[in-house]
Amino acid sequence: YLIGTLASPIWVDRVPWRKFSLASAILAAFALVISAHQTGVLLQASWFCFGLFCSFMHSLCMRILAEMPDEERAYGTRVSVELITISALLFILPILFINKYQYAGAAYALAGFIILLSFGTLFMPQRKDIASASQKVAFPSWSHAGKSYIALMIFLTYCLANVGLWIFVGEIAMAFNPEPEQISLLFSVLKVLGGVAGILGAVIGSRAGTKYPNIICFLIICAGSLGLMIADNLTMIMVSTWVWEFG
């Protein structure tokens, strides 16, 4: 996933958006199906392919959002749709699929859901100027965009920390021996709150500027992270995780 997203500025304007998205969705679903029947190196290879194809879809999505007249509103809408959808999946998967069919059930269910969502590519814009766009791809020099490069490095650091915490949230909660239903509740509410935050960002759009919203979000993230650090029971873990996700 990291490899695909880091490389996206090089390729994202050189491919037909609609066809490339559809192909990526089909291949991501296929990689999940393959993973349901493999172990060892082949299982890891299927996960590698799944992450790579997902990064292609995500990169294209972000590139298309950049064409919107209000990028903040477009991004907030995208976040809300994504997270609310994921919250429903995280609630359904453990109860209906994982408990009965283990990993294979989750893999097939997710693959089917990806195929279902792939019909959204029919509503995507189709590039008509790929040749000319590929000639325009260039990166500004440090003297022209030094502050932007610094901002990107700060954002990369934030993303690494945030994704790292997301990966281990479940492991942190496991220290308190939760029931499967409690884990489902943790992650489903987590994503609903993320979706609500996305809706809030979409409603506000660019009207609040960038400085104060970022400060407020940073303080909320710090509050949730501090709560996770000092939590001594599952309830506090869940509440702190929800606060962090909202931030």
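Biologist: At what angle do H6 and H7 pack, and how far apart are their axes?
Modeller: In this predicted model, helix H6 (residues 142-174) and helix H7 (residues 180-204) pack at an angle of about 145°, with axes 11 Å apart; helices are DSSP runs of H or I with at least four residues, numbered from the N terminus, and axes are lines fitted to C-alpha atoms over the stretch in contact, with angles running from 0 to 180 degrees between N-to-C directions.
Biologist: Which residues meet there?
Modeller: From H6, Trp 166, Val 169, Gly 170, Ala 173 and Met 174 meet Ile 183, Leu 186, Phe 187, Leu 190 and Lys 191 of H7, where contact means heavy atoms within 4.5 Å.
Biologist: What about the loop between H6 and H7, is Asn 177 buried or exposed?
Modeller: Asn 177, which lies in that loop, is exposed because its relative accessible area is 65% (exposed is over 50%, buried under 20%, partly exposed in between, with a 1.4 Å probe and protein chains only). Its phi is near 50°, a positive value in a residue other than glycine.
Biologist: And Gln 102, where is that?
Modeller: Gln 102 sits in helix H4 (residues 71-117), has a positive phi of about 55° although it is not a glycine, and counts as partly exposed at 48% relative accessibility.

Terms used: Residues numbered from 1 in each chain as written. Predicted model: local features only at pLDDT ≥ 70, side-chain atom pairs only at ≥ 80, totals over all residues. Heavy atoms only, no water. Helix = DSSP H or I, 4+ residues; strand = E, 2+ residues; numbered from the N terminus.
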